[in-house]
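I opened this notebook to log what I looked up in one structure. The entries cover layout, salt bridges and helix packing.

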Amino acid sequence: MAHHVLVPYDDSERSTDALEFAIDEHPEATITAVHVIDPSDFYAATGMEGGAMANYDAIMEHQNERAENLLEEARETAADAGSEIETDHVVGSVSRSILEYVEDHDIDHVVIGSHGRTGARRILLGSVAETITRRSPVPVTIVR
């Protein structure tokens with residue numbers, strides 16, 4: 001029986017499905033939804049290169065606001081199911097940040113949605129869910 005379940009949360013329908021699954025399957029556990037802000041995502045989207053750091057603070061502030069909005073949605077989803085969850089966001093590579101969070105926060109189960117990332121990024125970097133499953137020190141449930 002899991003005591004602390006981590007649900008990586010982004011703006012995909014699959015991450016919402018994973019959160020709902022975690023709430024249903026682990027009603028007695030502490031559930032934490034975590035959003036990872038990956039700097040490589042916003043550098044790619046803005047065309048910024050390594051030397052173009054002038055807007056970093058503004059971009060980071062926007063990403064933090066976006067993360068908080070996403071996590072508010074997660075809290076509302078939990079409340080609709082009659083549950084309370086913890087939320088957090090971190091900055092870094094998505095897979096690496098999730099795995100570090102597992103180790104640093106005494107997580108004993110991960111519930112992750114499949115295919116949160118799409119297109120070329122998923123093909124080039126591999127599936128986050130697959131990486132987490134292969135490298136996680138705790139059990140992982142992938143929700144489809």
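**Entry 1: layout**

I took helices (H or I, at least four residues) and strands (E, at least two) as DSSP runs, numbered from the N terminus. On that basis I read the order of elements from the N terminus on as β-α-β-α-α-β-α-β-α-α-β. I noted 6 helices and 5 strands in the chain.

I logged the ground rules next. This is a predicted model, where local features need pLDDT of at least 70, side-chain atom pairs count only at pLDDT 80 or more, and totals for chains, interfaces and linings use all residues. Residues are numbered from 1 along each chain as its sequence is written, and side-chain values use heavy atoms, with hydrogens and water left out.

I then checked burial. Buried means under 20% relative accessible area, exposed over 50%, and partly exposed in between (1.4 Å probe, protein chains only). Buried residues account for 42% of the chain's 144 residues.

I also looked at contact range, with contact meaning heavy atoms within 4.5 Å. Of the contacts between residues at least 6 apart in sequence, 76% join residues at least 24 apart.

**Entry 2: salt bridges**

I searched for salt bridges, each a side-chain nitrogen of Lys or Arg within 4 Å of a carboxyl oxygen of Asp or Glu. How many does the whole structure hold? The search returned 5.

I started with Arg-66 and Asp-11, whose closest N and O atoms are 2.9 Å apart. Arg-66 lies in helix 3 (residues 56-80) and Asp-11 in the loop between strand 1 (4-8) and helix 1 (13-25), so this pair ties together parts 55 residues apart in sequence. Arg-66 is partly exposed, at 29% relative accessible area. Asp-11 is exposed, at 55%.

I moved on to Arg-75 and Glu-72. Their salt bridge also has its closest N and O atoms 2.9 Å apart. The two residues sit 3 apart in helix 3, about one helical turn. Both ends are partly exposed: Arg-75 has 23% relative accessibility, and Glu-72 has 34%. I found that this pair belongs to a network of salt bridges linking Glu-68, Glu-72 and Arg-75.

I next recorded Arg-134 and Glu-130, with a salt bridge at 3.6 Å, N to O. They are 4 residues apart in helix 6 (residues 128-135), again about one helical turn. I jotted down the reason for this spacing: an α-helix has 3.6 residues a turn, so residues three or four places apart point the same way. Arg-134 is exposed at 53% relative accessibility, whereas Glu-130 is partly exposed at 44%.

**Entry 3: helix 1 against helix 3**

I fitted axes as lines to C-alpha atoms, for helices over the stretch in contact, with angles from 0 to 180 degrees between N-to-C directions. The axes of helix 1 and helix 3 come within 10 Å and cross at roughly 40°. That makes helix 1 oblique to helix 3. My angle classes were: under 35 degrees roughly parallel, over 145 roughly antiparallel, 65 to 115 roughly perpendicular, and the rest oblique.

I found this crossing to be right-handed; the term means that the near helix is turned clockwise from the far one by less than a right angle, and left-handed means anticlockwise. Thr-16, Leu-19, Glu-20 and Ile-23 of helix 1 touch Ala-74, Thr-77 and Ala-78 of helix 3. I sorted the contact of helix 1 with helix 3 by class: 4 nonpolar, 2 polar and 1 charged residues. Ala, Val, Leu, Ile, Met, Phe, Trp, Tyr, Cys and Pro count as nonpolar, Asp, Glu, Lys and Arg as charged, and the others, Gly among them, as polar.

**Entry 4: helix 4 and helix 6**

I repeated the check on helix 4 (residues 94-104) and helix 6. Their axes come within 9 Å and cross at roughly 40°, which makes helix 4 oblique to helix 6. The crossing is right-handed.

Which residues meet here? Val-94, Ser-95, Ile-98 and Leu-99 of helix 4 meet Val-128, Thr-131, Ile-132 and Arg-135 of helix 6. I counted 5 nonpolar, 2 polar and 1 charged residues by class. Arg-135 is exposed, at 55% relative accessibility.

Asp-106 follows helix 4 and has a positive phi, near 55°.
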